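Here is a short briefing on one structure, grouped by topic. Look over the sequence and the fold before reading on.

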Amino acid sequence: MPIRWIDRLTKIARRKSPWVYHVNAGSCNGCDIEIGPCFCPRYDAEQMGVILQGSPKHADIMLITGPMTLRTCEAARDIYEQMPKPKAVVAIGSCPATGNLFAGSPTVPGSVELYIPIDVHVPGCPPRPQAIMEGIRQASQLLADGKAGKQQGVSS
Ligand code: SF4
């Protein structure tokens, strides 16, 4: 069956114009500070069609920073549920993957992946803005290919 033009247009839009929502799950703010410049003139993610959204209900991609703390896990899961499908999650920094230097703390139950499926890991403490933008690009590609939300284990 031929691909309908609307399906092709949707695929292009998912790859070329992802809207992202940022969640801080208990970060030290190092990773959050690196996300900011992605949307400033120097790196200019908007030039690639990436728009930072104020509501998870309008977002295709969640950027999550920090280790998951006991206080944030339910809220982060709730935000994830509010995002429309298809959706992807990009874990920024080493904290969401392992807890990093917060691992072992009684307030950090473990990897973010225990609560939310992660599609792309961007390693670093903190990662550079270029690496974050590459993570967003990979997540957009997964969305366009219909592979997001399936825990592909992609890393940047
Ligand atoms: S990965 Fe490093 S910079 Fe990012 S939140 Fe964790 S400790 Fe902070």
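Predicted model: local features only at pLDDT ≥ 70, side-chain atom pairs only at ≥ 80, totals over all residues.

**Strand 1 and strand 2**

- Strand 1 and strand 2 (residues 51–52) run parallel and are joined by two bridges.
- Between strand 1 and strand 2 the chain passes through helix 2 (residues 30–38).
- This β-α-β crossover is right-handed.

**Strand 3 and its partners**

- Strand 1 (residues 19–24) also runs parallel to strand 3, with five bridges between them.
- Val 20 has a bridge partner in strand 3 too, namely Ile 61.
- Strand 4 (residues 88–92) pairs with strand 3 in the parallel sense, again over five bridges.
- Here Ile 61 stands opposite Ala 88 of strand 4.

**How strand 3 is enclosed**

- Is strand 3 largely enclosed or open? Five of the five residues in strand 3 (residues 61–65) are buried, so the strand is largely enclosed by the rest of the structure.
- Ile 61, Leu 63 and Thr 65 point one way from strand 3.
- Met 62 and Ile 64 point the other way.
- Residues on both sides are buried.

**Ala 25, in a loop**

- Ala 25 sits in the loop between strand 1 and helix 2.
- Its relative accessibility is 1%, so Ala 25 counts as buried; the cut-off is under 20%.
- Beyond residues up to four places away in sequence, Ala 25 touches Ile 64, Thr 65, Gly 66, Pro 67, Met 68, Thr 69 and Thr 72.
- Two of these contacts, Ile 64 and Thr 65, are among the buried residues of strand 3.
- Ala 25 and Leu 70 are 45 residues apart in sequence, and their C-alpha atoms are 9.3 Å apart.

**Gly 135, in a helix**

- Gly 135 belongs to helix 5 (residues 129–144).
- Is Gly 135 buried or exposed? With 0% relative accessibility, Gly 135 is buried.
- Setting aside neighbours within four places in sequence, Gly 135 contacts Val 90, Val 120 and Val 122.
- The C-alpha atoms of Gly 135 and His 121 are 7.1 Å apart, and the two residues are 14 apart along the chain.

**The ligand shell**

- Which residues surround the ligand? They are Ser 27, Cys 28, Gly 30, Cys 31, Ser 94, Cys 95, Asn 100, Leu 101, Phe 102, Gly 124, Cys 125 and Pro 126.
- By class, seven of the shell residues are nonpolar and five are polar.
- The shell has no charged residues.

**Salt bridges**

- How many salt bridges are found in the whole structure? The search gives three.
- Arg 4 and Asp 7 form one of them, with their closest N and O atoms 3.4 Å apart.
- Arg 4 has a relative accessible area of 48% and is therefore partly exposed.
- Asp 7 is also partly exposed, at 36%.
- Arg 77 and Glu 81 form another, with 2.8 Å between the closest N and O atoms.
- Why are Glu 81 and Arg 77 about one helical turn apart? Because they are four residues apart in helix 3.
- Glu 81 is partly exposed, with a relative accessible area of 45%.
- Arg 77 is partly exposed as well, at 31%.
- Glu 134 and Arg 137 meet through their side chains in a salt bridge of 2.9 Å, N to O.
- Both residues lie in helix 5, three residues apart, or about one turn of the helix.
- Glu 134 counts as partly exposed at 28% relative accessibility.
- Arg 137 is partly exposed, with a relative accessible area of 41%.
- Helix 5 thus holds this pair as well as the buried Gly 135.

Methods:
Residues numbered from 1 in each chain as written. Heavy atoms only, no water. Buried < 20%, exposed > 50% of the residue type's maximum accessible area, 1.4 Å probe, protein only. Pairing = 2+ DSSP bridges. Near = heavy atom within 4 Å. Nonpolar A, V, L, I, M, F, W, Y, C, P; charged D, E, K, R; others polar. Contact = heavy atoms within 4.5 Å. Right-handed = clockwise from strand over helix to strand, strands pointing away. Salt bridge = Lys/Arg side-chain N within 4 Å of Asp/Glu carboxyl O.
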